[in-house]
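Please look over the sequence and the model shown here before reading the report on how its parts are packed together.

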Amino acid sequence: LLICSFLASHNPARLDKRFFCKGKSSRRKVKSRKGSKLSDALKGPKTFPLDRLLAIHSSITQDGTIPCSDILMSVSSLVALNLVVRASVDLLEQPKYKCVAPLSTISILAKESGIDFETFYYNY
């Protein structure tokens, strides 16, 4: 779940379909601005809604049958460990989070859990 939160926080939301959709999808060329990839990396992690985290998690894991209550408990544990920060304070809107775990920790965790992190990470 920490790897998924890192991907949600560091990958642009417009690229979710490219990285996380299974099956055939039409791939069109995207014109990139010069330096946009570098400037996105320098801005740091972005906030993401909880439903995006759940979508990335169900796409990456093979067993997407983990109960939602377990995932919510895991998210609150990551917040308590200061690996993920809750960015929204309004209780009426959907919670937004930001992953502040370093890339080195995420890459080690992905290697140990057998997730091919390089295929999902935009800045690699």
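## Basis of the description

The model is predicted, with local features requiring pLDDT of at least 70 and side-chain atom pairs counted only at pLDDT 80 or more, whereas totals for chains, interfaces and linings use all residues. Residues are numbered from 1 along each chain as its sequence is written, and side-chain values use heavy atoms, with hydrogens and water left out.

## Overall fold

The protein has 7 helices and 3 strands, where helices (H or I, at least four residues) and strands (E, at least two) are DSSP runs numbered from the N terminus. From the N terminus on, the order of these elements is α-α-α-β-α-α-β-β-α-α.

Of the 124 residues in the protein, 31% are buried, buried meaning under 20% relative accessible area, exposed over 50% and partly exposed in between, with a 1.4 Å probe and protein chains only. Among contacts (heavy atoms within 4.5 Å) between residues at least 6 apart in sequence, 69% join residues at least 24 apart.

## The pair α1 and α6

Helix α1 (residues 2-10) packs with helix α6 (residues 103-113) at an angle of about 135 degrees, their axes lying 10 Å apart; axes are lines fitted to C-alpha atoms, for helices over the stretch in contact, and angles run from 0 to 180 degrees between N-to-C directions. The two helices are therefore oblique to each other, since angles under 35 degrees count as roughly parallel, over 145 as roughly antiparallel, 65 to 115 as roughly perpendicular and the rest as oblique.

On the α1 side the contact involves Leu-2, Ile-3 and Phe-6, which meet Leu-103, Ile-106, Leu-109, Ala-110 and Ser-113 in α6. The residues of this contact divide into 7 nonpolar, 1 polar and no charged, with Ala, Val, Leu, Ile, Met, Phe, Trp, Tyr, Cys and Pro counted as nonpolar, Asp, Glu, Lys and Arg as charged, and the others, Gly among them, as polar.

Pro-102, in the loop between β3 (96-99) and α6, counts as partly exposed at 42% relative accessibility.
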